[in-house]
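Hi everyone, thanks for coming. Let me put the model up on the screen, and then we can walk around it together.

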Amino acid sequence: EMVITTPIDGKVIATIYDIAGAQRAVRIGEAAGGLCRMTIGDMLQRGVYLVKMQVSQHQAVEKMVLGK
């Protein structure tokens with residue numbers, strides 16, 4: 001599970017890239033009260049990923065380390 005905090009509520013789009021820049025997944029959720037929880041499941045292997053998060057006109061990129 002991935003938890004995203006946002007300054008505003010609304011539709012959250014999280015695009016996950018591997019360290020080489022290849023897109024691996026897209027998750028769409030809804031932020032309420034500044035939080036959005038998204039399930040990643042078993043679709044990603046252990047490793048380092050970049051997550052581009054977009055809410056309305058705001059966007060950010062964060063590093064995510066996934067260990068199973």
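Let's begin at V65, which is exposed, with a relative accessible area of 60%. By exposed I mean over 50% relative accessible area, while buried is under 20% and partly exposed lies in between, using a 1.4 Å probe and protein chains only. Before going on, a word on the source: this is a predicted model, where local features need pLDDT of at least 70 and side-chain atom pairs count only at pLDDT 80 or more, while totals for chains, interfaces and linings use all residues. Residues are numbered from 1 along each chain as its sequence is written, and side-chain values use heavy atoms, with hydrogens and water left out.

Back to V65, which sits in strand 6. Strands here are DSSP runs of E with at least two residues, numbered from the N terminus. Together with I19, V48, L50 and V61, V65 makes a nonpolar surface patch of about 450 Å². For such a patch, residues need over 30% relative accessible area and no salt bridge, and nonpolar side chains (Val, Leu, Ile, Met, Phe, Trp, Tyr) are joined within 5 Å. The areas come from the Shrake-Rupley method with a 1.4 Å probe, and for residues only the protein chains shown count as cover. Which strands supply the patch? Strand 5 (47–55) and strand 6 (58–66) each give at least two of its residues.

Now look at how those strands are arranged. Strand 5 and strand 6 pair in the antiparallel sense over nine bridges; pairing requires that DSSP finds at least two bridges between two strands. G47 stands opposite L66 in strand 6. The two strands form a hairpin with two residues between them, and S56 in the turn has a positive phi of about 55°. Strand 5 also pairs with strand 2 (residues 10–18), again antiparallel, over seven bridges. There, T15 has K52 of strand 5 as its bridge partner.

On to charges. How many salt bridges does the structure hold? One, between the side chains of D18 and R24, at 2.8 Å from N to O. The criterion is a side-chain nitrogen of Lys or Arg within 4 Å of a carboxyl oxygen of Asp or Glu. D18 is buried, at 12% relative accessible area.

Last stop: G34, in the loop between strand 3 (23–31) and strand 4 (35–38). Is G34 buried or exposed? Buried, at 13% relative accessibility. G34 lies 26 residues from I8 in sequence, yet their C-alpha atoms are 5.9 Å apart. Beyond its neighbours within four places in sequence, G34 is in contact (heavy atoms within 4.5 Å) with I4, T5, T6 and D9.

How values were computed. Patches are made of residues with over 30% relative accessible area and no salt bridge: like charges are joined within 9 Å, nonpolar side chains (Val, Leu, Ile, Met, Phe, Trp, Tyr) within 5 Å. Helices (H or I, at least four residues) and strands (E, at least two) are DSSP runs, numbered from the N terminus.
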